[in-house]
Amino acid sequence: MKKVEFIPGTSIEGQSAATRNLNILLRLLEDDEVSIIGVWGTGGVRKTTLVKNLNNELLKNVSCFKLSFSVVVWVTVPKLPIDIRKIQAQIASRLNLQVDNEASVESIANKIYQRLKKETSFLLILNDVWEAINLDHIGVPQPEYPAISKVILTSHFLGVCKQMKTNTKMNISTLKEDESWLLFVKNARHVANLEYIQPLAKEIARECGGLPLAITVIGSSMRGRTRVELWEDALKSLRMSEPHNKDVEKKVYMVIKWSFDSLESQDIESSPEQRSKHVNKKRGDIQSCFLYCFLYPATIPIDDLIHCWWAEGILGEHDTYEQAYDRGITFIETLKDACLLEADKIEIVTAHVMDCVKMHDMVL
């Protein structure tokens, strides 16, 4: 059995931000204090590309002993609802472990546990986790000190990282404007730098909101297009959130749709006492709250937003405004964790700053 299997994917060579993130991950893998690493960020920031490059980096002759894992296991986590059996099947296949498909989840978990315990060290990469997974249910041994074996998970949601008790939560942010432009030109090629095209090309790159996936897909779709009308039409389509071709719709907008749809399954925690007291009261509609944000052109003061949600009746039923406000804060934090809203601030008067949120550029 090979220690590491090559995972096909896009190389990050020459991309400074992605290379920095890769080096951070490699350092975390060397840290004895870190056993579970959460990599999170909005759809399209290329979390999967990052961990694929990490996996393939470990194929090379790594000089550091701590990066020489006995086995690296890659798992693509099924979309909701998560199927533990499918995760176990991928791990068992990678370990050349024979399991009975008719056996119970617990029995298979025990076999995986015993097999992994035989390894000097292992790295388990769980890619695209949409809700928290109990590692015990899969059969993954609990972290020990020093942390020789590691687990890396990627997710859209900070909350998932928290629930899975990650030691480190690594946020993959969007690209800066200059990095976005370099990546756009790399994919659109020389046409983007034509004198009569470049102003439009830069506007299109800006509309991608720093999302590497959007920049790559949209840049590639414009490659070889020398008519200015095509660039004007693409820019107009992006500003109206209308995909100008099927690739953009499938690879970019569907990622954002997944984030929105998954809000239904995100459990907004409440205590048993709260649940019993308000059992017959509506809990509020987080999707409607998010859609309400489209009424605002840019930055939204948090207090104003919650008051509007309350007035519209989409925060649910509460005995006091304070309870409704608490629910509003919970919704905002959940939307921020899902990378659908971003934190922001505005200065009203000198030295007085108001906490705000804004929608991501690609969502708008």
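In what follows, Ala, Val, Leu, Ile, Met, Phe, Trp, Tyr, Cys and Pro count as nonpolar, Asp, Glu, Lys and Arg as charged, and the others, Gly among them, as polar. The structure discussed here is a predicted model.

Consider the second largest pocket, whose volume is about 460 Å³. Its lining comprises 27 residues. By class, eleven of these lining residues are polar, ten are nonpolar and six are charged. Lying nearest the centre of the pocket are Gln15, Ser16, Ala17, Ala18 and Leu175.

Two or more lining residues come from each of the helices α1 (16–30), α2 (47–57), α7 (177–188) and α9 (212–221). Of the contributing elements, α1 gives the most, with five residues. The lining also draws on both domains: domain 1 (16–171) and domain 2 (177–255) each supply at least three residues.

Is Asn127 buried or exposed? Its relative accessible area is 5%, and because buried means under 20%, Asn127 is classed as buried.

When neighbours within four places in sequence are left aside, the residues in contact with Asn127 are Thr48, Val51, Trp74, Val75, Thr76, Val77 and Thr154.

How values were computed
Residues numbered from 1 in each chain as written. Predicted model: local features only at pLDDT ≥ 70, side-chain atom pairs only at ≥ 80, totals over all residues. Heavy atoms only, no water. 1 Å grid on protein atoms, 1.4 Å probe; cavity = no way out; pocket = protein on both sides within 12 Å on 5 of 7 lines; lining within 4 Å. Points joined across faces, edges and corners; volume = space filled by probe spheres on them. Helix = DSSP H or I, 4+ residues; strand = E, 2+ residues; numbered from the N terminus. Domains from an automatic or database assignment. Buried < 20%, exposed > 50% of the residue type's maximum accessible area, 1.4 Å probe, protein only. Contact = heavy atoms within 4.5 Å.
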